[in-house]
Each structure stands twice: as structure tokens, then as C-alpha cells.
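Reader: Hey, I'm new to this one. Can you show me what we're looking at?

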There are 2 protein chains.
Amino acid sequence: MGSNGIVLFAHGARDARWAEPFERLATRLRELRGADAGPVSLAFLELMTPDLPSAVADQASAGASVVTVVPVFFGQGGHIRRDLPVILDQCRAANPDVEIRCSVAVGEDADVIEAIAGYCLRQASS
Amino acid sequence: MGSNGIVLFAHGARDARWAEPFERLATRLRELRGADAGPVSLAFLELMTPDLPSAVADQASAGASVVTVVPVFFGQGGHIRRDLPVILDQCRAANPDVEIRCSVAVGEDADVIEAIAGYCLRQASS
């Protein structure tokens, strides 16, 4: 039985420092999951590498039988509603033995919104 | 003494539904702060209105003496490092009696990253 991988899918930017919070997120997720749980990778829509097909292919090669793509976006705009489904279809066609799932964007989660609201509150009162 | 406003500064997108999480965030923040604490507004870098100068001017007109701008971005790329300081200078020049503060992007906060990591974990194990 293969492992269960997670790919954190982000937009990408020209400035390499833009990716730092995503790298911290991946590191924290690996800690929370433990060493045996399966791979955690980053993938980008544009301007940064790897792209999503490469990241999924890497996890498939490493033995993942399920890959969960988590869009690390706040809103579900055109990138998530229009671009991502096309890329996911490419990933599924290229990796027919892997179950490729996709969650809704992290910004839609109530706990994430609560954490951001708490941060805003601290900023305004400091 | 004026009130203490918060402007949630986001990128903007063509799809109006993209703004929904930001509207939920603003609503939640108003609940957490209480009715008397001061205004909470959204502002966008591009593709959506109002822009940041308009949102700050509105809060100034409504009597805010301090406005805290919180960039609701994950990473600190060119938009935050290069574009935002220029816009903030415009806001300060246009509203000399208002103290305009700016926090680091929400994606840099450890609690926000922890909430996103928890969300990713739930997605991969469901």
C-alpha cells in the first residue's frame, strides 16, 4: 500500500522570499504528520517551480497512492475555479494509478479565518 | 479622540466570489472587536474596489485617528515589499492627521500557519 502525499499548491511570485511562509507551512505539516505519513511538497501555478504536474509525478514515483492537493489561496477565483481543474485533469491522466484529491482553498476554512482575525486584532491593539 | 480603524488589504481578482473569505474575515473581526472599536474595511491592490487610498480616506472621514493596514497575503513578495510602501506613502500624504500603520502579511504569523497546517492535516486524513 502506498503512502498518502500532500501537495501545497500556491500561486508563485518573482521574489524568492515570497515562498518562505509556504516552506514554513510544509515544515510544520511534516512535523505534525510524523516521518512515516507520506510526502509533503510545494507546487506553484506560475513563476516558481515545481509546477503541480511535476510535484504530483514526484510523489507518485516515490510511491504515493493518494495525493491530496491543498490550494493555499485565500479566495477561490479564476486560478482555483478555472486553471486548477485543468491541471488536475492533466495530473490524473499522467498518473492513472494515483488517486488525486483536491480540497477547497485554505482561506475558506473557518479555523483559518479565525486565526487571521486574531492576528488582525493583535495588530490593531498593539 | 478618534477611533482605531483596520483595513484588510488584499490582492483582488476578476471573479467577485474571490472576495468572499475576506468579507467573512471582516465580519468576524467586527464581531471580535465589538461595535464601538472602530471601522473594519477591505481594500484591494487591483481588479476590485475600493483601493487602499479610498479605504483609508473613508476611515479618516469617519473619524479614525489611527488606521492599521493588515496585508492579507501569504507571502511578502513584490506587492508587499515594493507596491504597498508606495501606496502607504500616498495615504500618509493625503491624510497627514491620521497615523497609518502597517503590519507584516498575515501568512507570516505562526498562529495562522498553525491553523493552515491543521486544515491541511484534516484534508489529507479525511
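This is a predicted model: local features need pLDDT of at least 70, side-chain atom pairs count only at pLDDT 80 or more; totals for chains, interfaces and linings use all residues.

Reader: OK, what's the strand order in the open sheet of chain A?

Author: The order is β2-β1-β3-β4 in chain A, four strands with parallel pairing. β2 and β4 of chain A are at the edges with a single partner strand each, so one side of each has no neighbour in the sheet. From one strand to the next, the twist averages 25 degrees.

Reader: How many bridges join β1(A) to β2(A)?

Author: Five, and the two strands run parallel. Phe9(A) stands opposite Ala43(A) of β2(A).

Reader: And which helix lies across β1 and β2 of chain A?

Author: That's α1 of chain A, residues 20-33, running at about 160 degrees to β1(A). Chain B joins in too: its helix α4, residues 110-125, packs on the sheet and touches β1, β3 and β4 of chain A.

Reader: Switching topic: which residues of helix α2 in chain A are buried?

Author: Leu52(A), Ala55(A), Val56(A) and Gln59(A) are. They sit on the same side of α2(A), because they cover an arc of only 95 degrees around the axis.

Reader: What do the buried residues of α2(A) pack against?

Author: Their partners in chain A are β1, β2, β3, α3 and β4.

Reader: Which exposed residues are on the face turned away?

Author: Asp58(A) and Ser61(A) are carried on that face of α2(A).

Reader: What comes up just after α2(A)?

Author: Gly63(A), which takes a positive phi of about 105 degrees.

Methods. Residues are numbered from 1 along each chain as its sequence is written. Chains are lettered from A and ligands numbered from 1 in the order in which they are written. Side-chain values use heavy atoms; hydrogens and water are left out. Buried means under 20% relative accessible area, exposed over 50%, partly exposed in between (1.4 Å probe, protein chains only). The arc is that of the directions from the helix axis to the C-beta atoms. Contact means heavy atoms within 4.5 Å. Two strands pair if DSSP finds at least two bridges between them. Axes are lines fitted to C-alpha atoms, for helices over the stretch in contact, and angles run from 0 to 180 degrees between N-to-C directions.
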